[in-house]
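Here is a short briefing on a fold and one of its loop residues. Please keep the sequence and model in view while reading.

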Amino acid sequence: MNVVIVIPTYNEEGNIERLIEILENDIFPNIKNRRMSILVADDSSPDGTENIVREYMKKYDNIDISIGKKQGLGAAYIRGMTYAIEKMNADVMFQMDADLFHDPAKVPEFLEKIDEG
């Protein structure tokens, strides 16, 4: 199963690095039998968010980025989810805010519920 965490961003330079580190080092290693990926749907942030993500893309092969115009959160999610399906072959997608409002530790619990049907 190919799982993609879709993270919309606009000026999240102070948050995106922390979230990627948590997902890559604390959450993903504990999830077995799935390909776990991150897609950042950035709305052309002027603060350097894109550059941070691109540096992480050099370190991890499961991170991608979709850049678009700033059209709001809903448009970023639609763009990101479309990209995840068409380019990353996502079977399951999660939406997650870069500011850690959504708890990354819940991802394994959601996947267990999906397995249960």
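Helix H4 (residues 107–116) lies across E1, E2 and E4 and runs at about 145° to E4. Helices (H or I, at least four residues) and strands (E, at least two) are DSSP runs, numbered from the N terminus. Angles run from 0 to 180 degrees between N-to-C directions, with axes as lines fitted to C-alpha atoms, for helices over the stretch in contact.

This is a predicted model: local features need pLDDT of at least 70, side-chain atom pairs count only at pLDDT 80 or more, and totals for chains, interfaces and linings use all residues. Residues are numbered from 1 along each chain as its sequence is written, and side-chain values use heavy atoms, without hydrogens and water.

**Sheet**
- Four strands form an open sheet in the order E3-E2-E1-E4, with parallel pairing (pairing needs at least two DSSP bridges between two strands).
- Strand E3 (63–67) and strand E4 (92–95) are the edges, each pairing on one side only.
- Neighbouring strands are turned by 25° against each other on average, direction ignored.
- E1 (residues 2–9) and E2 (residues 35–42) pair in the parallel sense over 8 bridges.
- Ile-7 stands opposite Val-40 in E2.

**Helix H2**
- Helix H2 (residues 49–59) packs on the sheet and touches E1, E2 and E3 (contact: heavy atoms within 4.5 Å).
- The direction of H2 makes about 150° with that of E3.

**Asp-43**
- Asp-43 sits in the loop between E2 and H2.
- Asp-43 counts as buried because its relative accessibility is 5% (buried: under 20% relative accessible area, 1.4 Å probe, protein chains only).
- Beyond four places away in sequence, Asp-43 touches residues including Thr-9, Tyr-10, Gly-68 and Arg-79.
- The side chains of Asp-43 and Arg-79 make a polar contact (3.2 Å); such a contact is a pair of N or O atoms within 3.5 Å, where within protein one must be able to donate a hydrogen and the other to accept it, and residues adjacent in sequence count only if both atoms are side-chain atoms.

How values were computed:
Buried means under 20% relative accessible area, exposed over 50%, partly exposed in between (1.4 Å probe, protein chains only).
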